[in-house]
Amino acid sequence: MFHPRLPRPPHYSRRWVRGDVTSGLTVAAYLIPQVMAYGALAGVAPVAGLWAIAPAMVAYALLGSSRLLSVGPESTTALMTAAAVAPLADGDPSRHAALAATLAVGVGVFAVAAGFARLGVIAHLLSRPILVGYLAGVAIIMIVGQLEKVTGVPVDGDSLYGELHSFATSLHHLHGKTLMVSIASLALLVALHRWTPRLPSPLIVITIATVAVWAFGLDEHGVRVVGDVEAGLPHLALPTGSDLVDLAPSALGVLFVGFADNMLTARAFGGRDSHQINANRELFALGAANLGAGVGQGFPVSSSGSRTALAASSGARTQLYSLVALGAVVLVLAFGRPALAMFPMATLGAIIIFAATRLIDVAGFRQLASFRRSELALALTAAVGVLVFDILYGVLVAIAVSLLDLLARVARPHDAVLGQVPGLDGMHDVDDYANARTVPGLFAYRYDSPLFFANAENFRRRALAALDACSEEVDWFVLNMEAIVEVDITALDALEDLRAEVTRRGIAFGLAHAKHDLLDDLTAYGLTAKIQPEMIFPTMRAATAAHHSRPSPPFSPDPGAASQLRSSGASSAPAGDEAEQASPGRRAPR
């Protein structure tokens, strides 16, 4: 059982204070309008969403394992909240808000339960190619989502294609001054980041843009600003049991998307900062954050890739920046609402676009392409899946393709005929060394994968094909089981068929490097009872030594028949399988 405990706080260096403080202020500067927008998207009062983020941010800062992840309202969970709650609310705003808060509590309860059950292991399904592709897809969604803010063109649509189509057909509404503010903000961001990377460039741009709006009256010329922010404290309330039951399926869906988003984003930025992400800890932190948001009459929260990227680019080192951002939000709501009202939405969009471009790992795509094309295909599948099917289904499609790729590779693994190499200890793949030689009379074979239903027949055919390709006389067949760490009943059937065929040819069958647990499985199946005890070896060295010291071939029920079989190259494998000789591209044994 996993017992949640507060993580030990990392050693804090005074050199980190500046980065955490400036990052916190920068994140706060656009967290407020962003959260208000997501609140409206989820169908709740924007100001209620602002106050509800307080317990979420505090909970993650205390329990989360990522130093950079920014937790709070996020566009996908906001959209899922609206879709889940609207049919039950029946147009009643107060009922809608209550159900949204109930959904957040449901997500929190399921997340905490999953943490106790140690279900964080599902995060291991999110491989690096999926991570690279996912972030690229999310970055594109983030950029498209800012088109209305940075151009003034009205954008409407329920999908990425819908938004792009709406933007393209409404270009005649382009607002020149809004576009100029966006371009100037983005250009200044890029310039400051390139030439003065240590300065808090987003905070500088925010300040300049706000002063420009005030000085030139840009808000009076059609440049949208945040506007007045209402003040008010939420009332704490607990959900009803019937509402929790009704929203349970939606809560599970939101949890999966939120947890996948948390883990992918946290791992992406954790790799840059060389700190470990604990999946079960993330479940508890996400659960606590949603419980807090729900009790505070908010809506489900997750992580924000844009805020996390912004924090990283601004120099954040620990979750102190989240607490600084929260403090700034509270202060702004209390005293700084007039200044916030002049913040141009175009600059907000430019900042998000700038942060999104940093999520596209071009070098990562190049590395995947140079390593293995299937890995690049997985990354592209994840990116396209997120763009076409939205985040939840995109991640599921990428995981499914990843598992199929793994299954295909494990079902057709590398194999090897083993021999001795002058000057090297042990036995090695004869294809790896030009001077490798097999041991006369001893055929040593290795299959580099666990055995299971998907590769059992492939294993049997390739082992016999490799034996048939051997032109020397063989009296021992020793299977090196070093890589065979797991078997199922289908694999044991294939292994027994191989043993029976090898024995029928008058060749002694032996095993080497079999783990104790695996031997227990072989014994339970009855296979070890059919193998002579002296033919089970702890290592290939022991097998080779026993073969050298044998007085005579230990097992040959019908030497004439065996010799005839070997000379004719007979095999129990069907003729159609001859194309699958040993392994693709493997040379014939020497």
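Predicted model: local features only at pLDDT ≥ 70, side-chain atom pairs only at ≥ 80, totals over all residues.
Local features here need pLDDT of at least 70, side-chain atom pairs count only at pLDDT 80 or more, and totals for chains, interfaces and linings use all residues. Residues are numbered from 1 along each chain as its sequence is written, and side-chain values use heavy atoms, with hydrogens and water left out.

**Stop one: aromatic rings.** Rings of Phe, Tyr and Trp (its six-membered ring) pair if their centres lie within 6.5 Å; planes under 30 degrees apart are stacked, over 60 edge-to-face, the rest tilted. That rule gives seven aromatic pairs. Select Phe 116 and Phe 284: this pair is edge-to-face, with 5.0 Å between centres and 85 degrees between planes. Phe 116 belongs to helix H4 (residues 93-116) and Phe 284 to helix H11 (residues 279-295), so the pair ties together parts 168 residues apart in sequence. Helices (H or I, at least four residues) and strands (E, at least two) are DSSP runs, numbered from the N terminus.

Colour by accessibility next: buried means under 20% relative accessible area, exposed over 50%, partly exposed in between (1.4 Å probe, protein chains only). Phe 116 is partly exposed at 34%, while Phe 284 is buried at 7%.

**Stop two: salt bridges.** A salt bridge puts a side-chain nitrogen of Lys or Arg within 4 Å of a carboxyl oxygen of Asp or Glu. The structure has 13 of them. Pick Arg 505 and Asp 468, whose salt bridge spans 2.7 Å, N to O. Arg 505 is buried at 3%, and Asp 468 is partly exposed at 27%.
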